[in-house]
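Hi,

Here is the structure I promised to pass on. Have a look at it first, and then read my notes below.

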Amino acid sequence: MKFESARQAWHDAFDSSTAAFDNEAIGGGSTVTSSGRGRKVVTRGEVQGRANQVICRVAAPTLVAKETPGAKDSGNRIMDACEKGLIQDAVAKLRESDPLAYCWGMAAYAPPASRVKERAALLRYLMSEFDKWEEQHPREKVSQLALFCINACALRDVNGRLIDLGQARTILGCDKKRWDREWVKIWKRLQRRLDPLPARALGPISEIVQEYRGRLKAAC
């Protein structure tokens, strides 16, 4: 996987079948088990560069990569699984220490199939915040606006896409005058609740990415 940025690393860490932890191997403490025509290589410990220098040690739970006998790229797949483990470990710790930032990271940066539960959690968070404001706006409409806010802010965070408030007005079925009069305050409050989350989510991942790139450069 590539360590070009924290966002890219988060995405790549959950982007293939090798991204999953092998819980059976973790519990049994095994190192190699048979699996069909190939070997299941359980990698725990160190990621090495040239001349067997240790680039970094994997603090994550044991990871698995399939090694087919004679496959030329089996070493690359094992290396890839180890790299994914570095990021997955940081994400797992973030899930414990800052669940909301974790949900943002999964919703914004993980592959689409991994985003559903976390986006739902962010929506529940925004609606719980709205309930505290004691506003008279229809809750169903606010829920639609909050979901749009999550998706739009995620796109803005990932690729800098500007938020089209015309789409928000279409969702609510209101013109600009009504938007400015009745809805813009709600929109700004929803957005402010999300604005701190990217930095909270990416901070620990950025540290891993920079450390890994530094050690990789020193080992080459």
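A residue counts as exposed when its relative accessible area is over 50%, and as buried when that area is under 20%. Glu 134 comes out at 68%, so Glu 134 is exposed. Keep in mind that this is a predicted model. Glu 134 sits in the loop that links H5 and H6. Its backbone is worth a look too: Glu 134 is not a glycine, yet it has a positive phi of about 55 degrees.

Now for the inside. The largest nonpolar core has 50 residues, and the members that touch the most others are Trp 10, Trp 104, Leu 145 and Ile 205. Which helices supply at least two residues each to this core? They are H1 (6–13), H3 (74–97), H4 (99–109), H5 (116–133), H6 (139–159), H7 (165–172), H8 (176–194) and H9 (197–219). H6 gives the largest share, with nine residues.

The buried ones are Ala 101, Tyr 102, Cys 103, Trp 104, Gly 105, Met 106, Ala 107, Ala 108 and Tyr 109. If you leave out the neighbours within four places in sequence, Trp 104 is in contact with Tyr 109, Leu 122, Ile 150, Cys 153, Ala 154, Asp 157, Leu 194, Leu 197, Pro 198 and Ala 201. Met 106, also in H4, has a relative accessibility of 4% and therefore counts as buried.

The side chain of Asp 98 makes a polar contact of 2.8 Å with the side chain of Arg 200.

Next, how the helices pack. Two packed helices are described by the angle between their axes and the distance between the axes. For H6 and H7, the axes come within 9 Å and cross at roughly 155 degrees. Angles over 145 degrees count as roughly antiparallel, so that is the label for H6 and H7. Their crossing is right-handed. On the H6 side the contact is made by Lys 141, Gln 144, Leu 145 and Phe 148, and on the H7 side by Gln 167, Ala 168, Ile 171 and Leu 172.

H7 also packs against H8, this time at an angle of about 100 degrees and with the axes 11 Å apart. These two helices are therefore roughly perpendicular to each other. Here H7 uses Leu 165, Ala 168, Arg 169 and Leu 172, while H8 brings in Lys 176, Trp 179, Trp 183 and Trp 187.

Asp 164 caps the N-terminal end, with a side-chain oxygen 2.9 Å from the backbone nitrogen of Gly 166. Just after the helix, Gly 173 takes a positive phi of about 70 degrees.

Cheers

Key
Residues numbered from 1 in each chain as written. Predicted model: local features only at pLDDT ≥ 70, side-chain atom pairs only at ≥ 80, totals over all residues. Heavy atoms only, no water. Core = buried A, V, L, I, M, F, W, Y, C linked by side-chain atoms within 4.5 Å. Buried < 20%, exposed > 50% of the residue type's maximum accessible area, 1.4 Å probe, protein only. Helix = DSSP H or I, 4+ residues; strand = E, 2+ residues; numbered from the N terminus. Contact = heavy atoms within 4.5 Å. Polar contact = N/O pair within 3.5 Å; in protein donor to acceptor, adjacent residues only side chain to side chain. Axes fitted to C-alpha atoms, helices over the stretch in contact; angles between N-to-C directions. Parallel < 35°, antiparallel > 145°, perpendicular 65-115°, else oblique. Left-handed = near helix turned anticlockwise from the far one by under 90°.
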